[in-house]
Amino acid sequence: MKTSMWTNSSEADNGEPRESEVSFAAIRYRSIRDRIRANDLHIDEQTLADTVEGLTDLHEIIAAIIRSALTDEALANGLKIRVSEMQERLDRLQDRASKRRQIAKDVMVELDLKKITAPDFTVSIRPGMPALLVLDEGAVPSIYWEPREPRLNRQELLSDLKGGADINGVALSNPEPVLNVRTK
């Protein structure tokens with residue numbers, strides 16, 4: 001007989017099961033599975049899995065966690081779009097402000113206006129600092145070049161290792177299980 005762990009007192013504030021409940025459900029699942037297996041040594045894995053699923057609510061708890069993760073991912077994707085839109089708006093505002101400053105600077109330079117004082121700001125034109133122009137990199141003396149530290153080409157190393165190459169100093173890790181959730 002299946003007992004529900006889903007009550008208001010046992011749910012986390014956001015409606016999800018608490019970590020302790022997930023642990024408890026996993027222990028209960030394992031215990032029931034081991035008991036059935038011990039009592040019936042010839043039970044096939046599918047029957048065992050179906051029986052234990054019917055006696056516990058671990059599957060429902062995991063399903064609720066995955067649904068919550070899918071909701072969080074949907075919210076994150078929506079937020080990414082909104083942030084992107086706001087970033088585009090920020091870029092447009094910064095570009096517009098830059099163009100307006102350039103117009104003011106051009107007019108002041110053209111008319112030789114050194115300073116304008118307004119009640120809320122003062123704007124002035126001052127001489128700028130010279131910038132570096134590199135005309136021919138090959139002609140620049142070596143003392144001005146910075147040596148670069150060598151970097152590993154991780155993509156090529158990984159590709160060669162996967163291809164069976166034996167390379168000192170590197171190895172492939174044991175693969176971690178991957179949770180795959182399809183929503184269609």
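A crossing of two helices counts as right-handed if the near helix is turned clockwise from the far one by less than a right angle, and left-handed if anticlockwise. Keep that in mind, because that is the convention behind the helix pair here.

Quick housekeeping. This is a predicted model, where local features need pLDDT of at least 70, side-chain atom pairs count only at pLDDT 80 or more, and totals for chains, interfaces and linings use all residues. Residues are numbered from 1 along each chain as its sequence is written, and side-chain values use heavy atoms, with hydrogens and water left out.

Okay, the pair. Helix 1 passes helix 2 in a right-handed crossing; helices here are DSSP runs of H or I, at least four residues, strands are E runs of at least two, and both are numbered from the N terminus. Who touches whom (contact being heavy atoms within 4.5 Å)? On the helix 1 side you've got Arg-28, Tyr-29, Ile-32, Arg-33, Ile-36 and Arg-37, and helix 2 brings Glu-45, Leu-48, Thr-51, Val-52, Glu-53 and Leu-55.

Now, Lys-115. You'll find Lys-115 in strand 1, residues 115–117. Is Lys-115 buried or exposed? Exposed, with a relative accessible area of 57%; the cut-offs are over 50% for exposed, under 20% for buried and partly exposed in between, with a 1.4 Å probe and protein chains only. Skipping neighbours within four places in sequence, Lys-115 contacts Met-108, Thr-122, Val-123 and Ser-124.

Note on methods: Contact means heavy atoms within 4.5 Å.
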